[in-house]
Amino acid sequence: MEDQMRSLLRRLVRRIPSQVLKVTLKKWGRLTAAQQQNIDSTPTKWALTDQLLAISEENGWTVRHVAELEMIYVIDKPNQGMWHTLRLVDPNSDAQTVDLIQFKEQFKSHLSEISRHVSVKMKKNADEAVWIRIAWGDSFSRPNNMKPTYVVHYLQTPYVFVTRLTSKKKPLLYQSLVRATRHRAIKDANLSGQNLSAIRDLLMQHYQQVFPGRYPSPLGERTQITSNPHVDQEQAEEGVKRLQMACEAFGAGKLPQLQSVVYKMETKFKDPKNQRMTQREEPFRCVVTFKSSNILESLRHCAASGIASTPLTPLLSSIPRKGSNYFVVTDNIPRAASQVSQQPN
């Protein structure tokens, strides 16, 4: 266990920028004033690593202490990996009454029952999110703190955000979450991304929404979305309509920084000139991915400027409406019109 602690500490020092690490160590609060002062004056990462390893021996740190340090860093800098969203469904009548103490006890108790070796640490953040760090083991090995799973859950909401979860451990985590939150099931919400705040804000609708209505003139804040002043001068009324529809579909003001959206196409090939493809029984399959630093901002701009036709297709407007960025596009037989459906679980 001591070797794992030293390995975890070394990895943390390599992973975290020096100045960020020093700030994180202060938040951690396990260094004396003299030790913290020495750390603050350390010029290189090599020296910083040696100092922390020596202090770990002096202070008797365990792997749980270092895991706590890692957790503080991940909470402050969550956009380090891919986050996947889960949705709790079919709540029991008392689901809304679950508090933090009950959730902790139920989650840890059930996970310990179904997984022989597991280490769980929880921390409630300032924004009311419950952060969970899980180090998994199995029947023959102790918990591996080098590859933990992180889970974020807002109590009294159906949303759970997970990163670094293997398929082997999914059933164990899902069972524990369902029991601790007093729901009957949990499913994939088909929303993922590196920016945890963005996918959270999209699901919880923490952005300025615009509802259908008529405006005598575009709002000042929205005017900035329009990119071509010449089009606005020549077709002012049409430009206002496009802008209105774009904001109704995606929202106004600053939008969550969702970075991609994926469409998995499973449709019949429709081209009378290509009989070989049109007459095939198997659907035409492909995957289309749109990427941007802010995909919602980009799509809104395309609609407002006339690059994308309005009214917008459900293929695009379903992103904020359904809170998803993964869709399966199939043929709606017998009408032969495309529809959007979420990926089956």
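Predicted model: local features only at pLDDT ≥ 70, side-chain atom pairs only at ≥ 80, totals over all residues.

Mentor: Setting aside neighbours within four places in sequence, His-183 is in contact with Leu-88, Val-89, Asp-90, Pro-91, Asn-92, Ala-95 and Val-178. His-183 belongs to strand β6, which covers residues 183–193. With a relative accessible area of 12%, His-183 is buried, because the cut-off for that class is under 20%.

The mean pLDDT of the protein is 87, and 89% of its residues reach 70 or more. Over residues 215–223, however, the pLDDT is below 50, and this stretch has 15 contacts in the model beyond near neighbours in sequence. Residues 333–345 also stay under 50; the model gives them 27 contacts beyond four places in sequence. Among the elements of the protein, strand β10 (residues 337–341) has the lowest mean pLDDT, 42, while strand β4 (residues 149–154) has the highest, 98.

As for the cysteines, Cys-286 is partly exposed at 28% relative accessibility. Cys-302 is partly exposed too, with a relative accessible area of 23%. Both values fall in that class because it lies between the 20% and 50% cut-offs. A disulfide is a covalent bond between the sulfur atoms of two cysteines. With sulfur atoms within 2.5 Å as the criterion, the count comes to 0 disulfides.

Methods
Residues numbered from 1 in each chain as written. Heavy atoms only, no water. Helix = DSSP H or I, 4+ residues; strand = E, 2+ residues; numbered from the N terminus. Buried < 20%, exposed > 50% of the residue type's maximum accessible area, 1.4 Å probe, protein only. Contact = heavy atoms within 4.5 Å. pLDDT = per-residue confidence, 0-100.
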